[in-house]
Amino acid sequence: MTDAKAKSPVILLGMTGLGALGVALSFIRNSHERFWVNWIYWFVVLFTLGIGSLFIVALQHLVSARWSIPIRRVPERLATLLLPVIPVALIGLMAVRVLYPGAQPEALHDHVLAGKVWWLDLPMFSLRTVLVLVAATLSLGVLVRGSLRQDKTKDPGFTVRARKFAPGFMLVFAFLVTIVAFDWISGLTPDWYSDIFGVYLFAGSFLSALAASSLSVVLLKRGNRLVEVKPDHLYNLGGFTFAFTVFWSYIGFAQYMLMWYANLPEEVHWYHQRLHGGWHTVTVVLAVLHFIVPFFALSTRDAKSDPKRLAVVALIMLGAHLLDLYWLIFPVLGEGPSFTWTELSFALFFLGVGLLWLRQAFTWGDDMPVGDPFLREGLEFRL
Amino acid sequence: MSNSEHPVPDPETAPETAPQTPVAPTNVPEDGHTEAVDKTDRGRDDAFLVLGLFENTDALMAAIPKVRSKALGRLEAYTPYAVHGLEDALGIRQSPLGAMVMVMGTLGAITAFACQYWISAIDYPIVTGGKAPWSWEAFVPIMFEVTVLFATFTAGLGMLLLLNKLPFFGHPVLSSRAMSAITRDKFALSVEAEGASRAALDTRAVTQALKEVGAVSIEIVPQPEPAPVFTAEFVLRAIGGIVTACVVAGASMYGAVKWFPELPPMTHMLEQRKLMPQKSSSFFRDGHGMQLPAPGTIARGYLPLGASSQDEAAELVNPLPRDIATLELGKQKFTERCAVCHGALADGNGSLTAAYGAKPANLQSAQFQRYSDGQIYWVIVNGKNAMPSHAADLSADQRWAVVHYVRALQRAQNAKDQDLNP
């Protein structure tokens, strides 16, 4: 997420330590609901960022994209966030009995949930989560570990293997994102469901990964790494971000409008909660930050290849993704939007851990996939 | 370099006053045959552009800044494949199409919003599907569509008409001799006159400049002959075509309607299985689409009376307070429904009495003075003797208000001293 090479890890370590203290205190002092809601929030944040980055890598292999080879190492390193996600997810399984109505004993008396308990209860929930983690880790091994190895072996066979692996990964990816969206987010309110919800989370996940990649590329360039990456490469990253702000808005609004029109009580209460009181403000801010600002900031041709503007938009986009997930998850507490020392501690702890991890990850392999036989073609990319 | 064998015209020999004088063709056809006369060039004294051919991209890219610095005219390059960096070298500014699309797309969104807002919220507000007339959510899909419509039309038509100057059907460079080489392996740099005035192109200077930068062959392309579009023949053909199309379409439609069976395209909405009023239905055993409500059904807002006779109804208590609002309502309903027979004073002396020779009840009589509120209510609901039921005309509250008002009338006609204000 950041270059962080020049910076001393002391700040990050202090941040993480302070956060860890707050998290521990929150476990003792706060209600279990509040603690676990924060926990699963950060699981989803890290997971979407990691899996979205892996999606970018796989997408480039799938279509044999050449332009992206010089910057491919960035999403590859970001995708390694899927490794620290594993303990976060496994610990997060303790939240299932606390937060998810489908896994609670009362569900047996709920005529809507009673037939779904076998699927929503802890054993099946854990099984799906473990399958998601295993599939994500294996894919990470094939695409990222293989790419890091190629730096030394210069084996062009990896490029062929990755291209053959990518289509299958796309199918698996669709299931991974949908399972996490349905189980971990939509499962908080099991009587509410939206078929498009997995696609909605995918849009946010892909956008956050694009934003993180763009930001990292700009920061690396500022630190005199990735010198050969041209504005043309930045233009493509900016173009992707620009296009997918529209995609996210399209999916988000389509989901809202259908439920608004049908006005079915079991569907509309989810939006009713988010369109009243403090959550209404959050909804408006989300629409502005996630769509209007990036759309207009990136709409001209020059803006997409301007590193400064791209970095600012990427930061806004990452903030908007955090806000998006906050807006999806936190209303389950039944309160208005609030940001207390608990949320601050969780943010410090998980951001600290994530940045420390990335600080390490950005030393793995070369800054560019130097073993890729098409790297030169990627460097010569012109719009 | 072959251009030494085919020298460009000497600037000294050309007339000073007419720089656009036809210049001998200097290009070398790819097959190596030199033609003495270029027929596309003959007899024209206006040049449209001058083409210089180069062997490779490096020569072309090296030549561009040198020719550009002389500011002889508008530069354009023709290459067999895309050459990176050409736009920058030629100084071609960014197309204004993006800005045009942005402006028109925004205009489309505003148009769609304004139309829908005015129609749905101001001019003809109707509640549809339980949504308020002013529901922005319902406007968004149409705003999106109209934005796309405006944007794509602007992009398409703006590109064709404004930027590519349609109906400028064939660029002269397409009929140049060098074109076949450009589409194979040569790279051409062309110098065009800026703006509308072709006379501004100094062909001698341009030819000289192109020669200096190493063009292997130079060609002067003449201005195309203006082709009038609306000739008499074109107009006659257009009108003839339209008339023929109308006749053929009309005749086939007539024939289709007259001789072919009607084939309704989609009838799912029309022919769905549903109950229709006044229609038979195979759903119920008795074959009627309309059914009596199930026994015990109570319509919304119509609680049953709970009494089966007037004596039972005597026990009912008037639920309404005896206040001004209730009495006003009772007076209004009494005047509308009751006074025509029972009289404005409830003395049985209404305006219809004489006309029909009927004898409505005198509510001031002792018999009705003794009636309880419930008994009067019962009569309003069920009618009595010649009096019909008013259950359909008056709601429960209105009936009880009328009862209050009748009581007030009875009291007014039998006022006592202590009723007067002290």
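Modeller: Two strands pair when DSSP finds at least two bridges between them; the strands (E, at least two residues) and helices (H or I, at least four) are themselves DSSP runs, numbered from the N terminus. This is a predicted model, where local features need pLDDT of at least 70 and side-chain atom pairs count only at pLDDT 80 or more, while totals for chains, interfaces and linings use all residues. Residues are numbered from 1 along each chain as its sequence is written, chains are lettered from A and ligands numbered from 1 in the order in which they are written, and side-chain values use heavy atoms, leaving out hydrogens and water.

The part I would pick is the sheet of chain B. Its four strands form an open sheet in the order S2-S3-S1-S4, with antiparallel pairing. Strand S2 (74–78) and S4 of chain B stand at the edges with a single partner strand each, so one side of each has no neighbour in the sheet. From one strand to the next, the twist averages 25°; for such angles, axes are lines fitted to C-alpha atoms, for helices over the stretch in contact, and values run from 0 to 180 degrees between N-to-C directions.

Let's go through the pairings. S1(B) meets strand S3 (residues 187–192) of chain B in the antiparallel sense, over six bridges. One place to look is B:Leu53, whose bridge partner in S3(B) is B:Ala188. Helix H1 (residues 57–69) of chain B packs on the sheet, where it touches S1, S2 and S3 of chain B, and its direction makes about 15° with that of S3(B). Helix H6 (residues 203–212) of chain B also packs on the sheet; H6 touches S1, S3 and S4 of chain B, and its direction makes about 10° with that of S1(B). Contact here means heavy atoms within 4.5 Å.

Strand S1 (residues 47–54) of chain B is joined to S4(B) by six bridges, and the two run antiparallel. B:Gly52 is the residue opposite B:Ile218 in S4(B). Strand S4 (residues 217–222) of chain B is mostly covered, with six of its six residues buried. Buried means under 20% relative accessible area, exposed over 50%, and partly exposed in between (1.4 Å probe, protein chains only). B:Ser217, B:Glu219 and B:Val221 point one way from S4(B), B:Ile218, B:Ile220 and B:Pro222 point the other way, and all are buried.

Helix H14 (residues 396–413) of chain B has 18 residues and reaches 26 Å from its first C-alpha to its last, close to the 26 Å expected at 1.5 Å a residue; the expected span is 1.5 Å times one less than the number of residues. Among the buried residues of H14(B) are B:Trp400, B:Val403, B:Tyr405 and B:Leu409, as well as B:Arg399 and B:His404. Their cover includes helix H9 (324–337), helix H12 (366–370) and helix H13 (373–382) of chain B.

As a side note on chain A, A:Ser64 has a positive phi of about 50° although it is not a glycine. A:Ser64 sits in the loop between helix H2 (32–62) and helix H3 (73–79) of chain A, and at 25% relative accessibility A:Ser64 counts as partly exposed.
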